[in-house]
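Q: I would like to learn how to read the features of a protein model. Where do we start?

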Amino acid sequence: MAKTHRGLAIIFSDSTHGRIHAGLNLACASAAMGRPVQIFFHGEAVTALDPYRKWKGDDTFASAGLPSICDMVKTALELGIPMTACTTGLHLCGLTANQLPGGVEAAGMVAFLADAKDCDIVFV
């Protein structure tokens, strides 16, 4: 009998490079292992979805052979991981839903939690 995996819901609340990178790494690794994953970017963490943002830590990570935040977001979307950007966070950061990468929804925390009701929740 195949083992079923409980879903993983990751909530990003911080916009620091290391935390965003680690959480995206967790999401991609979990999805690659067959675990259902979904991500919510809360508050200022929505800036991780800005394709034009230049991350200070990306150069350091690249010198170690690690992908950029932008590449990690692309990989997560390619793996089919649903992503939600907090509508309040978008307003807070001066972004609009039209600026989000394709496949990223704008919604609130209540909608995300309703979708993640049967998932393990990790707060990053």
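A: Start with the directions of side chains along a strand. In strand 1, L8, I10 and F12 point one way and A9 and I11 point the other way, and all are buried. This is a predicted model, in which local features need pLDDT of at least 70, side-chain atom pairs count only at pLDDT 80 or more, and totals for chains, interfaces and linings use all residues. Residues are numbered from 1 along each chain as its sequence is written, and side-chain values use heavy atoms, with hydrogens and water left out.

Q: What do "buried" and "strand" mean here?
A: Buried means under 20% relative accessible area, exposed means over 50%, and partly exposed is in between (1.4 Å probe, protein chains only). Helices (H or I, at least four residues) and strands (E, at least two) are DSSP runs, numbered from the N terminus. In this structure, five of the five residues of strand 1 are buried, so strand 1 is largely enclosed by the rest of the structure.

Q: Which way do the residues of strand 2 point?
A: V37, I39 and F41 point one way from strand 2, while Q38 and F40 point the other way. Strand 2 is mostly covered, with five of its five residues buried.

Q: How many bridges join strand 1 to strand 2?
A: Two strands pair if DSSP finds at least two bridges between them. Here five bridges join strand 1 to strand 2, and the two run parallel. I10 stands opposite I39 in strand 2, and L8 has V37 of strand 2 as its bridge partner.

Q: How is a pair of aromatic rings described?
A: Two values are used: the distance of the centres and the angle of the planes. Rings of Phe, Tyr and Trp (its six-membered ring) pair if their centres lie within 6.5 Å; planes under 30 degrees apart count as stacked, over 60 as edge-to-face and the rest as tilted. A search of the whole structure finds two aromatic pairs. The ring centres of F12 and F41 are 4.9 Å apart and the planes are at 5°, so this pair is stacked. The pair links distant parts of the chain, with F12 in strand 1 (residues 8–12) and F41 in strand 2 (residues 37–41), 29 residues apart. F12 and F41 are buried. The pair of F40 and F112 is tilted, at 5.1 Å centre to centre and 35° between the planes. F40 lies in strand 2 and F112 in helix 5 (residues 109–115), so the pair ties together parts that are 72 residues apart in sequence. Both F40 and F112 are buried.

Q: Which ring does the charged end of R53 sit over?
A: A charge sits over a ring if NZ of Lys or CZ of Arg is within 6 Å of the ring centre and within 35 degrees of the ring normal. The charged end of R53 sits over the ring of W55, 3.6 Å from its centre.

Q: What is T47 in contact with?
A: Contact means heavy atoms within 4.5 Å. Leaving aside neighbours within four places in sequence, T47 is in contact with S15, R53, W55, C93 and L95. T47 lies in the loop between strand 2 and helix 2, and is buried, with a relative accessible area of 17%.

Q: Which residues of helix 3 are buried, and where do they lie around the axis?
A: In helix 3 (residues 69–78), the buried residues include I69, M72, V73 and A76. They cover an arc of only 100° around the axis, which puts them on the same side of helix 3. The arc is that of the directions from the helix axis to the C-beta atoms. The buried residues of helix 3 pack against helix 1 (17–32), helix 2 (58–63) and strand 3 (83–86). Just after helix 3, G80 takes a positive phi of about 85°.

Q: How many disulfides does the structure hold?
A: A disulfide is a pair of cysteine sulfur atoms within 2.5 Å. The structure holds zero disulfides. For C28, the nearest cysteine sulfur is that of C70, 12 Å away. For C93, the nearest is that of C86, 9.1 Å away.

Q: Is L92 buried or exposed?
A: L92 counts as exposed, at 58% relative accessibility. L92 lies in helix 4 (residues 87–93).
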